[in-house]
Amino acid sequence: MMRTARLPLLALALASLPVLALEGDAEAPVEVTADQLDLNDRAGTAIYTGDVDIRQGSLQLTGERVEIQRNETGELSRAIATGERAYIEQQPSPEEPVVRGWGRTIRYHVSERRVELIDRAELHQGGDTFDGGYLEYFLDRREVQARSEAEGVDERQRVRMTLQPEQ
């Protein structure tokens, strides 16, 4: 019963999860499907396992395991998705293409508005693509940093980039 009462607090924390939010994303309901949930309110963590799919508006975050962490004030501080191909997507605005990212680990740092894609990392924005062992995407600046090697990368993975010409 205590866990059920605390789930709305988790939903409120997840409501601040938008990566690059369309206006209605923050007000959209958070929908989570998983095989299992382990919620530790004192530690400020929720760990979903088993084909996890989290959606809110245009945001989607998937993985075999997704851990949501809150800070001491109860605000979402980080979301970490892991799996063979963890995935994140969101549409920044109605006139911009959907941003899609893959990796064996995806870390979203909420206050920094930064996403790390680790090991077999891939980022697609419109026709532009970035691949490598490690990609870091700064949401507000629309800046990408790519590396062939980094902590958490199993083996060196060359950086590749494809940019489509401006129309």
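Reply: Arg104 lies in strand E6. A word on the source comes before the details. This is a predicted model, where local features need pLDDT of at least 70, side-chain atom pairs count only at pLDDT 80 or more, and totals for chains, interfaces and linings use all residues. Residues are numbered from 1 along each chain as its sequence is written, and side-chain values use heavy atoms, leaving out hydrogens and water.

Strands and helices here are DSSP runs, numbered from the N terminus: a helix is H or I with at least four residues, a strand is E with at least two. The protein has 1 helix and 10 strands.

Now to Arg104 itself. Arg104 is partly exposed, with a relative accessible area of 24%. Buried means under 20%, exposed over 50%, and partly exposed in between (1.4 Å probe, protein chains only).

Next, its neighbours. Contact means heavy atoms within 4.5 Å. Leaving aside residues up to four places away in sequence, Arg104 touches Ala81, Thr82, Gly83, Glu84, Ala86, Ile118, Asp119, Arg120 and Asp154. With Glu84 there is also a polar contact, side chain to side chain, at 3.1 Å. A polar contact is a pair of N or O atoms within 3.5 Å; within protein, one must be able to donate a hydrogen and the other to accept it, and residues adjacent in sequence count only if both atoms are side-chain atoms. Val153 is 49 residues from Arg104 along the chain, yet their C-alpha atoms are separated by 8.9 Å.

Strand E6 also holds Trp102. Trp102 and Tyr87 form a tilted aromatic pair, 5.2 Å centre to centre, with 45 degrees between the planes. Rings of Phe, Tyr and Trp (its six-membered ring) pair if their centres lie within 6.5 Å; planes under 30 degrees apart are stacked, over 60 edge-to-face, and the rest tilted. Tyr87 lies in strand E5, so the pair ties together parts that are 15 residues apart in sequence. Both Tyr87 and Trp102 are buried.

Last, the core. A nonpolar core is a set of buried Ala, Val, Leu, Ile, Met, Phe, Trp, Tyr and Cys residues joined through side-chain atoms within 4.5 Å. The largest one has 26 residues, and Ile106 is among those that touch the most other members. Strands E5 (76-90) and E6 (99-109) are among the elements that give two or more residues to this core. The largest share, 5 residues, comes from E5.
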